[in-house]
Structures are given as C-alpha cells and as structure tokens.
Amino acid sequence: MSEELELAQLELLCKQLYSSTDSSERTKAETTLSLLTQSPSCLNKCQLLLERGDSSYAQLLAATTLTKLVTRNPNILSLQQRLDIRNYILNYLASRPKLAPFVTQALVQLFARITKLGWFESDKEEFVFRNVIPQVRPFLQGNVDYCIVGVQLLSQLTCEINQISGSDASRSITKQRKIASSFRDNHLYETFQLAHDLLRRALQSWKSTKFIDETQQTLVSNLLRLALNCLSFDFIGTSPDESSDDLSCVQIPTSWRPAFLDFNTLQLFFDLFHCLPQSLAPIALSCLVQFASVRRSLFNNTERAKFLMQLVSGVRYILENPSGLSDPGCYHEFCRLLARLKSNYQLSELVKVDGYPETIALITKFTVTSLQMWQFAPNSIHYLLSLWQRMVASVPYVKASEPHLLETYTPEVTRAYITSRLESVSDVVRNGLEDPFDDIGMVQQQLDQLSTIARCEYEKTCSLIVQLFDQSAQSYQELLQTSALSQMDVAIQEGRLTWLVYIIGAAIGGRIFLNSTDEHDAMDGELAFRVLQLMNFTDARLAQGGSCKRLELAMLSFFEQFRKIYVGDQVQKTSKVYRRLSEVLGLTEETMVLSVFVRKIITNLKYWGNSDLIVTKTLQILNDLSVGYSSVRKLVKLEEVQFILNNHTSEHFPFLGSSAQINDMRCRSTLYTSLGRLLMIDLGEDEEKFLNFINSLTVAFDALALLLKSNSIFNVDEAKKGLIGLARDLRGLAFAFNTKTSFMMLFEWIYPAYTPILHTAIELWYHDPHVTTPVLKLMAELVQNRSQRLQFDVSSPNGILLFRETSRMVVNYGTRILTLGDIPKDQIYPLKYPFHNYLSALCGGYVNFGVFHLYGDTALDDALNTFINLLLSIPQTDLLNYPKLSQTYYVLLECLAQDHMNFLANLEPNVFLYILSSISEGLNALDTMVCTGCCATLDHIVTYLFKWLSKTTKKPTQTGLVRENETCLKVLELQPEILQQMLSTILNIIMFEDCRNQWSMSRPLLGLILLNEEYFNQLRQSIISQQPSDKQSSMAQWFDNLMEGIERSLLTKNRDRFTQNLSVFRRDINDSLKGPALGNSCGGAQTIAASQDNMMS
C-alpha cells in the first residue's frame, strides 16, 4: 500500500473514531487503530501522520499512540530511538506553535512521559534525558505562543514526575521516588524560579493592560499552574491523596529558603490575585494556600513571625476588599487559605500578629456572611468551620498575654450557623430548593465541627438553642392542633426541629473535646429533656400515621451522642445532667434513661419497619448499648428488654415479617447479635431459657421444613425470604454466643434438626446469591472458633460432625455453581464465602483431620477438591481484583500449605502450576497482607520440596516417595522457571523496592536459592555485570556476605542467620543507591528482569 493510501486510510479511521456518531463505527475504528502500537512500522506511521496529516485528529492519534508505545514497554525502543522521538517532538512544537490545544497537550504529555521513563538512562556517562531546562529555555525566550508551549512542557513534566500514573502502578514505587527526588534536588527549584520570574515580569509589564489579551491570559494561567505544581510537589514521598488536603504540610526543602525569606515572593501572588481576572485569580489563591502550608521548621521563630505577619496582612486586605471573592472558585480557595492559617500556625502565634483584633473581627464578619448565604458554595463552609473549630480547641493551650477574643466572636459564628440553617428550611420547602439533608454526610461533617465551636461560651449557645427550640416546638404543637392543617407549614416546623435536634446532639457530643463543668452538664440536661419531650410527642402521633423521617433520624443521632457522653462505664453517676431530667421527666438515674432508650428502640422497630435506614440506626444503638459491661447488666433487668427477648416476632416488629425486602434483611443479624449478648448475661446453663428464647425461630424453621418437604406448589419468594431471615438471625446469635456453653446450646438445637433445611436451600437456589450468601455466612460463623468456643469433649464427635456439615454444604454449592459454565461476574465475589468456610474449618484447631483418611471418610477430600475446582473457575486476574476474595484465598492457601501440603503436592501439574502462578502474582500485590501470606505459603512449599529432595538424595531406594510426589517433580521439571521467577521477584523487591515485610520475604528466599543454586549464581553475575565498573566489586562482596555462614539446610538457626545477612545486604544496597555513582542502577527492577529474560531465552 502506498504512503498516500495508507495515510488516507488512517485519517479516515481517526475521523470515525473522534467524530462519528455511530457507536459501532467508532468501536471498529478504535479496534483497528489499537493495533497500530503493535505494528513494526508504528514509528514511521506516526511520523507520517504528524508531518502530512490534514486533520488535528490524525496528529492527536500519532501523539497518543507514541505515548502508549513508550509507556507499555520502554525497552522495546532503543535509547537513541527515544532520544530521537523527544528531539523530534521539541522541533515539531517549535515549528508549529499554532497547533490545536489538544494536540499540543498530547505532544507535551509524550515529552513528559518519555523524559520520566528515561530519567536514569545515560549515554557516555551523561544522563541524556535530564537536560530539560536548557532544551525548554529557547521556548521561554520566544514570543508569547512559544513561551506558552515551554511553560506547558515544564508544567506537565513536573506533574508527570510527581504522580504515579496507571502505567507506573505496577512498577517499582522506589524507582518512582528516586526519579522524583532527583528532579526535586536538581531541577524543581530552578523551575519554580523561572515561573516566579516570568510571573513578576508579566505583572510589571501588563498591569496597564489588565490582561485583556487572551493569549497573555493563557500564558499567565500556565505560569500559575506551573508555580502551583512546583509548590504542590510531593517533596518527601508521602503520596498524599485529596482526602488529606486539610492536614497536609508542604515540606519545602531547606535549599528553597531564599525564595521564602524574600517576602516579595509571597506578595507577588497577593498582587496577582488583585490584578488578575476572576478566571485566573483562583489559581493565585491556590498558590497562596501552599505558601500558608509551608513547614514551620523552614523558618526560625523570628522569620516565621514575619512570614505569618505578611500572610495575615494579605488576608486582611482581601477581607477589607472582598469584591474579588464573588467568584465561587476564588471564594473556595480563600476559605481554604483561612483554614490553613490555623492548621499550620498556633493560636498563640496568631494573636501576636499586628492587627490581630481587626483580622479576627473581619474573619468573623466573613464567616457570618458566608453562613447566611447558605446556598453559595456550600462545600466551602467546611473550611471556615474547620478554622473556628481548631481555634476554639486551642484556647486551653494559649499562654500568650494577648487576648484571643474568641469568647467575643465565636458565639456570633455559632448563632449565624444555627439561625441560617433554620432560615434555610422555609426556602427549601416553599421554593423547592436543594435540601442540605440530601447530603447528610456533609451535614454530619459540619455538625462534628460545630460540636467544638458551640462549647465556646456554652451558656450563650444553650440560651439561643433553648429559645429557638421552644419557639419551634410550640409552633409545631399549635399547628397540629388546628383544624385547617397546612402541610407546608408543618414541614417547615419539622425541618427546623430536625436541625435543632441534630445541633443539640452535636453540642452534647462536643463535651468530649473540651473541659466541662457541672454547669455545662446542667445545660446539657436543659437541652436533652426538650428533645425527649419532643420525642414523646412525635411517638404519640405514630399510631395515627403522623411521622417525619428526617426528624426521626435526627433523634437517633441525638441518642447516639447522648449515649457516648452520659451512658456507659466511664460516666460519672453524679452528673448534673440528670438534675433537670429528674425535675421535668422524673429520670433520676442512668437506668431510667436506658429505659427511655429501649422504649424508643421498641417504638421505632414497631412503627418504622418500612424504613431500612431508621431500623438500621435504631438497631445500631441497641448494639452499642449491649456491648458495655455495666450498661448491658442494667439493660437486662429492664421490663422493656425482657419484652424484646420474649417477643422478637413479626407480630410486634413488622420488619421481621415476610413483607420486608430482601436487601433490608441485613439488619436482622445486628438485632440478634444484640439480643444474644443480652440473653447471655443470665443464661448460664439454663437450656430451658434458651429454648424459650429461640422458640419463634423454631416455629419458623418447622414451618419452612414442612413447606420444602411438601409436594405442593409453594410461593418461592416467601420461602426464600423466610430462609434468608432465619439465616441472618442465626448468624447474629452465633456471633454473640462466644462461650462454649451457649454455643453448644445453639449447635445442638440446629444440628441435626435444621441443617438439612440449609442444605436443601443450597441445592434449590444455588444460583441466587441472595440465598446462598446468608446461608454460607451462617455456616462460616458456626465453624468460626471465636474465643475458643469450639472446644469439644474428648468423647464428643461434634467437631467432626460440624466439619462434615460444612464440607457437605460447600461441596453442594460448589458442584452446582460450576454447572453454570463460566461463573458470572456477580457470582465471583460471593465465592469468598465458601473459601471463608474452608478457612474457618481448617484453621479452627478443633478437628483431627487424620481420622478422615483413617476411616475412609471422603468429607475432607471432597471439600478440598471442590475448593480446587472453584479456584480453577476464577481467572487469576479476578483473584486480585476482588480484595476480600483475594485475602480469604491467600490465607486459606497458607493454611493448606501448612497443614495439608501432601494434598497440594499431589495435585495435577496444571493445578499446582496455577497455584504457584497465583502466589507469584500475589508477591507483587499492593496489599501487604496478601504479599505476606504468599511468602508464608511459598515458604511451606519450598521447604516441603527441599526436604523431599534431600530425603530422596539420601535414600534413593524409597520408590514410594517418588511415586507420591511425582506431581511436584513434573512441575519443577517442566517449568522450573516458575520458582526462578519468584526468586528474582523477591530479590528485586528486597533490593530495589520499599519492602515492608522483609522478614516474611526472607523466609522463602533461602529455600528458593537452595533449590535453584545455579540460577541464583547466574542472576548474581548478571546483576553484578550491569553495575558501573567501580561498583562491581562492592556488589560482588555484598552477595558474598549474603551467603556467608549459610549451610545447605532449612533449619531455623540457618534461616535466622540468612535473615540477618539479608538485612545487612539490603541496607548496603540502599545506601549505595543514595549516592550519585549508582544512579544508573536505580533501574534495578529492569536489571533483574533483563537478567532473567536473558537466562530464560
């Protein structure tokens, strides 16, 4: 095909990919173009598209294709080829400054990626990819268009080096940090200075133009982003995510001190904010946020005070001239800037700043105005509340003589928050505006901050809340008593009361953060009795159908906060909170309050069964109450609790009935866990009491058994719901019964009477995860030896019987689920439950598995074979894609390798190879628990193999041993590279990566070396030969030291000596990599990989 035809075809495909409205056409074009990276002529085709392509889409495709090519396998291109690509990109950008923006961005991205990946590569002892700034400087010295491209190149490179992209996630994190550290030490400060100088020149020369020119605005925007990228660099390798934004401290290197001691630097960004149009000003404020977050230790005390003074002065000027904050972006960044003032500086430092009284007054005015404008940038309120929360929390620690004035201004903030929230209700109800309670997470976060703020001058807070609450409660009662009921007015009052109840709960919860007095406790009582009175009023309306879900959730939030502070083992029984409760409600002690709690729980479970959220939160309160040592003993004496224990049926609690949705049944386990704890307090060995308690479940099981045994047609959905509910109930009880006596009562009740029903359910509905999940979870709980409750008597067969039931259930499930063919994606995750059953049963320590083989019982073999069949049905990629499944699998595999190695050793070669491959994958997992489990499993396997090989060497006449272990030998003979690959993987991790489980890695490494001594010596020689000539002798000595004193055995003493040697070996390697002479060996992962490839070929 001629170049012209090929070019035309590629351009047509690009047009179809990027502009076609036909999805099938786009998919076909994408599939065809994806093969471009695999084409031997990929580079030529991309160059053809860049030079002769008519459309921007063709140029974009060429740039993205080259990026994929250099990213997926950098070594496929020679060093010279990659240098040529980089130089070609720079020349291309220089000769075409008017490219489409998305094409320029793609080429800039390619430049940054190829520079980063080649950072440690050298040619004639020169790091050829590091001469970035000299190459970019001609762009910066050109006209505005060229300067924009140069700034984009530096900005994208800074971002690229600072972050771990998807392509880097599987590579060495240590190498990523070494690249970032090298760039930080040698180029980042110069890059920041370039941005700073260009911004200063732009400000000086363009003040009169007000940045009207769009090209100039683009340049300033890119310069600000470059400065921000420099200031946001991960200087010390902490890899913070966005969730840590409020707590991050910018770890500016000491070498940057001149820039920060020159206070013109800080002033530049304040000046830019005031001069720039609103589209650019937020970026200037983002830079100021980073300045405010600079680590404290960069300055001495005097310098820090001057820096803070200038910072506060700039903030004060913005507050005095707030017109620039009308833009939501500017407003948000300014709120962040205010929050950083307190997160990075102490209140005692702030009060000493000149003009502090004026500043705190302006901040108060700004905060109050912001709170009153509740619809404007609601996500920014968090930062303002964070500032006040931290200042109030710091008050007890302030030693400065200057007044902090918080007792004057904080009540204004508290009042503004409370009144603005109440005033918002009317707008939401009448005008249909977005309700803040639709985002309850944000509301809860604000309330958590208010809990500290409100405790400042608590008398004023309580007085305000009491006044507003009494007004709203009275209006609410009057409205409900009128004949012409206005639903809108009722909704407004309910909304106001909802806010007030939430706020009261937060105010009471704030007691834990600040020192409290008896007067404050009495004020809590004033607030609490009003909520309890309102609760009595609203509960009385439930029977007539009057209800407000959000008000109910607010009351549950109040109960949770009150329980944390005033109910439990750590609460002083003489608390003044009960004085007012006693006067108004007659609640003189904690037991009476607990009675109120339980009555509320009963009421909610009776009337709110159709609300899964309310039922779940209600049961969570019951669960929390049932955990405390003293409170649970008081609870069990209450008549209300005895009522629940004797009447836990759908008649009294409708959510336990068949009308409930399947997804809403999960809370039943929480209920029965709580009831189980309460029952155990006085249960002892009273079997009759247990049978009376569980009678309702007995009746339900008997009815279900008759239904399943009958030949008549029955309602399948009703049967499923009944079974799911029973399984969840019993799982809750099994979790609570953590003593031998109580658990045996449950076990003898369920076996053998009702386990057949569970088996039948698995056989009938094995394809429905809604059924199999709760049943398998119940069985997993029954075989869980929690608190050593499964300690059976020497004459009891219960341990074996329990395992046989587990085996039968999992075999039934496994064999049937495998009949579906390829297991559907929605069935892969639930496979963790049978795996968990195996794990709990095999690791429980209550079954002697030798008896199964001794007496010809196949339960163990059936269970293990089913596990293998299920395992083989899961693609290896999915094992690590489902974290909980992978964790369960690898722990189970470790248990098998430890106690059932004979079984693993006799598996079919392809199965054994699959397991070894999954271990190899797990060694590179980011989850440390998975990686550690793989090391332990591999250690058991290589130890077994080494011992067996040692025995056959010493006793070659034992042909039985050879026959029994033929599978292992076949795998080692057919594919010895699997163990060799794991050896090189572990060695690579220990030598060049951030190895967090070095001890675990060391244990299998010795066995792998002893099993592959020849390969290890080749690998060692290859690694040594690829080091700089002046470091080869040192590397050889370190390898000699590693094996010094190591015998050819896996005895514990020998292992420990090897582990010690390995620690010294790793330390020597890491120390050498810190020096410049070994810079090129930072690609150690590639070194080992290349060595391995050479030896395998």
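## Ground rules

Buried means under 20% relative accessible area, exposed means over 50%, and partly exposed is anything in between (1.4 Å probe, protein chains only). This is a predicted model, where local features need pLDDT of at least 70 and side-chain atom pairs count only at pLDDT 80 or more, while totals for chains, interfaces and linings use all residues. Residues are numbered from 1 along each chain as its sequence is written, and side-chain values use heavy atoms, with hydrogens and water left out.

## The whole chain

The chain has 1097 residues, and 55% of them count as buried. Its secondary structure comes to 54 helices and 2 strands; these are DSSP runs numbered from the N terminus, with at least four residues (H or I) for a helix and at least two (E) for a strand. Along the principal axes, the C-alpha atoms fill a box of roughly 95 × 85 × 65 Å.

Take the contacts (heavy atoms within 4.5 Å) with a separation of 6 or more: 78% of them are between residues 24 or more positions apart. The accessible surface is about 47600 Å², and carbon and sulfur atoms own 50% of that; such areas come from the Shrake-Rupley method with a 1.4 Å probe, and for residues only the protein chains shown count as cover.

## Charges and salt bridges

The chain carries 99 positive and 113 negative side chains, with the centres of the two sets 3 Å apart. Here Lys and Arg count as positive and Asp and Glu as negative, while His and the chain ends are not counted; each charge is placed at NZ of Lys, CZ of Arg, CG of Asp or CD of Glu. Side chains of opposite charge can pair when their charged atoms come close. A search of the whole structure turns up 36 salt bridges, each one a side-chain nitrogen of Lys or Arg within 4 Å of a carboxyl oxygen of Asp or Glu.

## Two buried pairs

Arg 304 and Glu 349 meet in a salt bridge at 3.5 Å, N to O. The pair links distant parts of the chain, 45 residues apart: Arg 304 sits in helix H14 (residues 301-320) and Glu 349 in helix H16 (residues 347-350). Arg 304 counts as buried at 10% relative accessibility, and Glu 349 is buried at 19%.

Lys 600 and Asp 539 make another salt bridge, 2.8 Å from N to O. Lys 600 belongs to helix H26 (residues 590-607) and Asp 539 to helix H23 (residues 518-542), so this pair ties together parts 61 residues apart in sequence. Lys 600 is buried at 3% relative accessible area, and Asp 539 is buried at 15%.

Arg 580 forms a salt bridge with Glu 583, their closest N and O atoms being 2.9 Å apart. Both lie in helix H25 (residues 577-585), 3 residues or about one turn of the helix apart. Arg 580 is partly exposed at 25%, whereas Glu 583 counts as exposed at 53%. The two also belong to a salt-bridge network with Asp 470, Glu 526 and Arg 530.

Tyr 18, in helix H1 (residues 3-19), is partly exposed at 32%. Together with Tyr 57 and Phe 102, Tyr 18 makes a nonpolar surface patch of about 260 Å². Patches take residues with over 30% relative accessible area and no salt bridge, joining like charges within 9 Å and nonpolar side chains (Val, Leu, Ile, Met, Phe, Trp, Tyr) within 5 Å.

Arg 96 sits in the loop between helix H5 (79-95) and helix H6 (101-117) and is partly exposed at 29%. Leaving aside residues up to four places away in sequence, Arg 96 touches Leu 50 and Glu 51.
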